[in-house]
Amino acid sequence: MTFALAVLCGLAFFGTGVTHMLDDGAVCVQTDFWHNASLADPLPVGTAVEVSSSATRLCQDSPSAGQRAADLGNELPWLLFGALALLLFSRLLEAVLLQGPFTEAMAQRLSALGWFVTVGTPLAGLIVGWSHSWLVGSMAPIVGSGPTVSGPLVLVLAGLAAVIMGKIMREGVRMREDLEGTI
């Protein structure tokens, strides 16, 4: 099941990439740069309520290749990250089914998955954040573009927990092998 989900995410990755690059429509991005700007037309609100804009949607009707690529950078990194993480998780489950939960292969695959999630989460977040920032900056130069990190960085903690559990499992396997050798 996890392998099928990994393949599905991989197909979504390639499908999204191909359709976005072949699409000749507008590229849109949303920014909250003007989130404290006052609105031109006042809204009917109650007394003592202040109104400000929350987000601005920018669209480019005939985007450049760079803008189209930056638009892809908003979506593709997380699809690729998800596909590879699911593939690694599928291999981990396969090792558990074939050899059992307390084996060297399972400990190695758990550590590999943990390192992938630990390193891949901020990397994908940096690519997405920078792509978004560059796309906004290309449409509204006053905003500027700088590297930002977006996405669920809490996954780094889950990745580090998997790395630690992999090391604990590896030690448990070594202790069990030592015990079996002495008996």
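Gly 137 sits in helix α4, which covers residues 104-139. The model described here is a predicted one. With a relative accessibility of 18%, Gly 137 falls under the 20% cut-off and so counts as buried. Its C-alpha atom is 10.0 Å from that of Thr 31, a residue 106 places away along the chain.

Thr 31 brings us to strand β1, residues 27-31, where it belongs to the covered face together with Val 27 and Val 29. The uncovered face of β1 is made up of Cys 28 and Gln 30. Strand β1 pairs with strand β2, residues 56-60, and the two run in the antiparallel sense over five bridges. Gln 30, from the uncovered face, has Arg 57 of β2 as its bridge partner.

Next come the helices. Helix α1 (residues 2-22) packs with helix α3 (residues 76-99): their axes come within 8 Å and cross at roughly 160°. That angle is over 145 degrees, so α1 counts as roughly antiparallel to α3. The crossing of α1 past α3 is left-handed. On the α1 side, the contact is built from Thr 2, Phe 3, Leu 5, Ala 6, Cys 9, Gly 10, Ala 12, Phe 13, Thr 16 and Gly 17. On the α3 side, the residues involved include Leu 76, Leu 79, Leu 80, Gly 82, Ala 83 and Phe 89. Sorted by class, this contact has 14 nonpolar residues, six polar ones and no charged ones.

Helix α1 also meets helix α2, residues 65-73, with axes that come within 10 Å and cross at roughly 155°. These two helices are therefore roughly antiparallel to each other as well. Here, though, α1 passes its partner in a right-handed crossing. Thr 16, Gly 17, His 20 and Met 21 of α1 touch Arg 68, Asp 71 and Leu 72 of α2. The make-up of this contact is two nonpolar, three polar and two charged residues.

Another glycine, Gly 166, is found in helix α5, residues 155-182. Its relative accessibility is 0%, so Gly 166 counts as buried. Leaving aside residues up to four places away in sequence, Gly 166 touches Ala 107, Leu 110 and Ser 111. The C-alpha atom of Gly 166 is also 8.1 Å from that of Gly 114, though 52 residues separate the two along the chain.

Note on methods. Residues are numbered from 1 along each chain as its sequence is written. This is a predicted model: local features need pLDDT of at least 70, side-chain atom pairs count only at pLDDT 80 or more; totals for chains, interfaces and linings use all residues. Side-chain values use heavy atoms; hydrogens and water are left out. Axes are lines fitted to C-alpha atoms, for helices over the stretch in contact, and angles run from 0 to 180 degrees between N-to-C directions. Helices (H or I, at least four residues) and strands (E, at least two) are DSSP runs, numbered from the N terminus. Angles under 35 degrees count as roughly parallel, over 145 as roughly antiparallel, 65 to 115 as roughly perpendicular and the rest as oblique. A crossing is left-handed if the near helix is turned anticlockwise from the far one by less than a right angle, and right-handed if clockwise. Contact means heavy atoms within 4.5 Å. Ala, Val, Leu, Ile, Met, Phe, Trp, Tyr, Cys and Pro count as nonpolar, Asp, Glu, Lys and Arg as charged, and the others, Gly among them, as polar. Buried means under 20% relative accessible area, exposed over 50%, partly exposed in between (1.4 Å probe, protein chains only). Two strands pair if DSSP finds at least two bridges between them.
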